[in-house]
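Dear colleague,

I am passing on the structure that we spoke about, together with some notes on what came out of it. Please look through the sequence and the model before reading on.

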Amino acid sequence: NEETALVVPPKDPASMASAMSRLMMDPELRERLGQNGRQQARTEYADEQVASLLDLQLRALVKKFSADESPR
């Protein structure tokens, strides 16, 4: 919260409106959150990272379903 986004409680329209007002009225906050969010996306969600995580998940699924289909 306040590093890459403004976090508000779920189903709380007043908090969401307040956060949106802050963003509209504070260009420095918008800039900082945007820069931090872009940096986080580059490091944590780069194509190589996403591909690696996807590969791990697919391998785990193949292993699981291969084990489930083995002769009993």
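Which residues does Glu-2 touch, not counting residues up to four places away in sequence? They are Arg-22, Arg-32 and Leu-33, where a contact means heavy atoms within 4.5 Å.

Before going further, please keep in mind that this is a predicted model, in which local features need pLDDT of at least 70 and side-chain atom pairs count only at pLDDT 80 or more, while totals for chains, interfaces and linings use all residues. Residues are numbered from 1 along each chain as its sequence is written, and side-chain values use heavy atoms, with hydrogens and water left out.

As for confidence, the mean pLDDT (the predictor's confidence in each residue, from 0 to 100) is 91 for the protein, with 94% of the residues reaching 70 or more. Helix α1 (residues 13-25) has the highest confidence, at a mean of 97, and α3 the lowest, at 90. Where pLDDT is low, the predicted coordinates should not be read in detail.

The overall picture is one of three helices and zero strands, which follow the pattern α-α-α along the sequence; here helices (H or I, at least four residues) and strands (E, at least two) are DSSP runs, numbered from the N terminus. The protein is more spread out than a compact globule, because its radius of gyration is 20 Å, well over the 11 Å that the globule rule gives for 72 residues. That radius is taken over C-alpha atoms, and the rule is 2.2 Å times the number of residues to the power 0.38. Along the principal axes, the C-alpha atoms fill a box of roughly 65 × 30 × 15 Å. Buried residues make up 6% of the 72 residues, where buried means under 20% relative accessible area, exposed over 50%, and partly exposed in between (1.4 Å probe, protein chains only).

To return to Glu-2, this residue is found in the segment before α1 and has a positive phi of about 70° although it is not a glycine.

At 86% relative accessibility, Lys-11 counts as exposed.

Finally, Leu-54, which is found in helix α3 (residues 47-68), forms a nonpolar patch on the surface together with Leu-58, Leu-61 and Phe-65, with about 380 Å² of accessible area together.

With best wishes

Notes:
Patch = residues over 30% accessible without salt bridge, like charges linked within 9 Å, V, L, I, M, F, W, Y side chains within 5 Å. Areas by Shrake-Rupley, 256 points an atom, 1.4 Å probe, with all protein chains shown as cover. Salt bridge = Lys/Arg side-chain N within 4 Å of Asp/Glu carboxyl O.
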